[in-house]
Amino acid sequence: KFSYLFSANEVSERIVSASVGANLIIYLTTKYHLGAASSAIIIFVYKAAANFFPVCGAIVSDALLGRYLMVTLTLFSCTIGTTLLCLTSVIPRLTPPDCTLPHQGCTSPTPVQLLVLCASLGFMALGASGVRPCCLAFAEDQIAHWETSRKDRALRSLFSWYYVSVGFSQIVAVTVLVYFQDRMGWKVGFAVSAAIMAFITLLNLSASPFFVKVKPRKSMWAGLLKVVVVSIKNRHLVLPEANHGVQFHSLPGSAPLVPSEKMRFLNKACMVRTLTGPGSRSNDEEQPANTSSLMTSTCTVEQVECLKSALSVMPMWSAMVMSFLLQSSSFGVLQAATMNRRIGTGAARFEIPAGSISIFEIVTFTVWSGCYDPYIVPALRRITGRQRVLTLKQRMGIGVFLAVVSMAVASVVEARRIENAARHGAPPMSALWLAPQYVLMGLSGAFSSIAQIEFYYAVLPKSMGSFVLALLFFGGGVASILATIIVKLVNVATGRAGGAPWISDDLNRGRYDCYYRLLAVLGAIDLVYLVTCAYVFHETTQNMSLEGGGVHEQQAEEMAELRG
């Protein structure tokens with residue numbers, strides 16, 4: 001029960017961050033009078049921090065603080081962030097005064113107002129640093145001492161609940177909480193978010209005596225860094241061909257191991273000594289200085305091979321960064337705000353909040369992810385007559401391809417929206433025209449994100465489970481930084497002649513369709529790069545086949561290792 005309670009910390013954090021992120025661009029443009037490009041840059045930087053910080057949080061929790069203390073401190077940070085954001089909507093001095101006319105007579109925010117805003121987002125991003133990488137792993141710690149069969153059943157139940165709860169949290173965030181923000185005002189919407197975080201923080205503290213707290217241990221990250229340092233230090237050593245006459249340092253009590261031949265320069269980090277060749281003289285005779293050396297090493301063969309495995313997935317990782325960028329670069333919320341969002345007829349007519357438009361992506365991702373292994377894979381096997389339907393690299397490629405198609409569809413829909421807005425007296429287009437691009441993006445995420453997790457788990461040793469999440473978080477952070485740079489360069493280049501830039505504050509004057517078309521071109525180039533990497537680089541599998549689509553029965557065990 002306490003395992004479920006502790007993993008609820010991450011669910012609460014995800015509900016709050018998703019609800020704030022879904023509508024944040026509307027808040028920045030309407031309450032702070034920031035332009036679309038400036039608002040997007042702030043959001044991209046916030047997302048980058050929320051992705052980079054968990055990598056640091058995983059290292060700090062493993063090596064210094066332990067998981068419980070790390071989660072507790074970051075829950076407080078997230079509570080402070082949501083409270084500050086709520087105060088910006090409650091205290092008038094923390095936001096600029098309202099515009100005298102729509103888009104006219106607007107006052108820019110002061111440095112203090114921007115400081116408070118950025119501080120609130122900073123505290124929320126810092127809150128993600130401990131909650132996201134540690135919560136599920138800490139929940140697993142609560143049952144680690146159980147008998148094996150009982151623990152396996154509990155893990156399956158725990159992770160099944162986790163999958164459902166994370167999807168549920170996203171849906172609640174972009175429907176219920178966004179509805180509060182849209183219909184009841186920012187004060188109520190942000191106050192609910194702050195109340196959720198305050199409640200879960202106090203609940204976590206009150207349950208502290210009942211938790212099993214594992215002390216921090218030596219971090220895998222320190223071992224990887226040590227290999228780099230020692231290999232540079234030993235760069236002057238010469239490795240004989242086929243490692244002839246060389247001894248390597250292995251873990252105490254284990255059988256002697258020899259490192260692999262790939263990336264041989266790293267093998268110098270685990271060299272113990274180099275012996276003379278077959279024609280060497282006896283020990284009492286003088287030996288040539290250039291053929292005999294004694295070397296003390298602090299790295300093991302296992303640590304060297306872990307670093308090699310990590311480096312071997314970098315080409316595919318770099319190719320998948322673009323998928324994160326395409327999935328986060330849409331201005332659909334701003335577009336939806338200018339479109340007809342009413343559905344239904346008569347008394348049942350309902351207006352969808354602009355921030356809830358991403359519900360199509362979330363539902364698609366959740367449904368497809370849940371149905372892929374038990375229903376879609378067996379159906380594809382019956383159709384194709386093959387046991388192995390799609391390899392993990394093929395699934396990642398399909399994910400990038402669907403993201404490119406999504407951007408192309410977004411460009412066409414936006415061009416149609418601009419054309420419709422230019423016709424005087426024409427009713428606004430329905431916001432449901434945005435649904436196809438979000439459905440495609442949900443499918444893209446379901447293919448690429450899950451395939452990435454399985455790919456990294458297949459290639460990396462089981463001891464590097466936490467490194468898998470770090471790669472995903474880091475990829476999302478790099479994508480957000482690249483998106484910031486692209487938005488800035490696009491507006492500088494297209495607004496140079498004095499005209500409206502592509503990403504204009506007025507969507508009807510801007511050319512968001514061209515921006516989406518540019519992203520589609522960049523995505524297509526990345527798809528070629530991904531295919532090249534898939535054919536050129538061949539990784540050694542550690543845990544499961546790269547040909548399969550994941551093993552349904554092993555999901556609990558895999559996610560346990562994945563979360564470290």
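Predicted model: local features only at pLDDT ≥ 70, side-chain atom pairs only at ≥ 80, totals over all residues.

Trainee: Why is His-33 called buried?

Mentor: The relative accessible area of His-33 is 17%. Buried means under 20%, and His-33 is therefore buried. This residue lies in the loop between helix H1 (2–31) and helix H2 (36–65).

Trainee: What makes Met-263 partly exposed?

Mentor: Met-263 has a relative accessible area of 23%. Partly exposed covers the range between the buried limit of 20% and the exposed limit of 50%, so Met-263 is partly exposed. Its place is in the loop between strand E1 (246–248) and strand E2 (271–274). Met-263 also has a positive phi, near 50°.

Trainee: Why are helices H12 and H15 called roughly antiparallel?

Mentor: Helix H12 (residues 392–422) and helix H15 (residues 512–536) pack at an angle of about 165°. Angles over 145 degrees count as roughly antiparallel, and H12 and H15 are therefore roughly antiparallel to each other. Their axes are 8 Å apart, and the crossing is left-handed. The residues of this contact comprise 17 nonpolar, three polar and five charged.

Trainee: How do you know that H9 and H15 are roughly antiparallel?

Mentor: The axes of helix H9 (residues 314–328) and H15 cross at roughly 160°. With the cut-off at over 145 degrees, H9 and H15 are therefore roughly antiparallel. Their axes come within 9 Å, and this crossing is left-handed. Among the residues that meet are Met-316, Leu-325 and Leu-326 in H9, and Leu-522, Tyr-529 and Leu-530 in H15. The contact of H9 with H15 divides into 13 nonpolar residues, two polar and one charged.

Trainee: What makes a set of residues a nonpolar core?

Mentor: The largest nonpolar core here has 114 residues, of which Phe-331, Tyr-456, Phe-467, Ile-503 and Tyr-515 touch the most other members. Its largest share, twelve residues, comes from helix H14 (residues 465–494). Apart from this core lies another, of nine residues, including Ile-376 and Leu-440.

Trainee: Which residues does Tyr-456 touch, leaving aside those up to four places away in sequence?

Mentor: Tyr-456 touches Val-313, Trp-317, Val-468, Leu-471 and Leu-472.

Conventions. Residues numbered from 1 in each chain as written. Heavy atoms only, no water. Core = buried A, V, L, I, M, F, W, Y, C linked by side-chain atoms within 4.5 Å. Buried < 20%, exposed > 50% of the residue type's maximum accessible area, 1.4 Å probe, protein only. Helix = DSSP H or I, 4+ residues; strand = E, 2+ residues; numbered from the N terminus. Contact = heavy atoms within 4.5 Å. Axes fitted to C-alpha atoms, helices over the stretch in contact; angles between N-to-C directions. Parallel < 35°, antiparallel > 145°, perpendicular 65-115°, else oblique. Left-handed = near helix turned anticlockwise from the far one by under 90°. Nonpolar A, V, L, I, M, F, W, Y, C, P; charged D, E, K, R; others polar.
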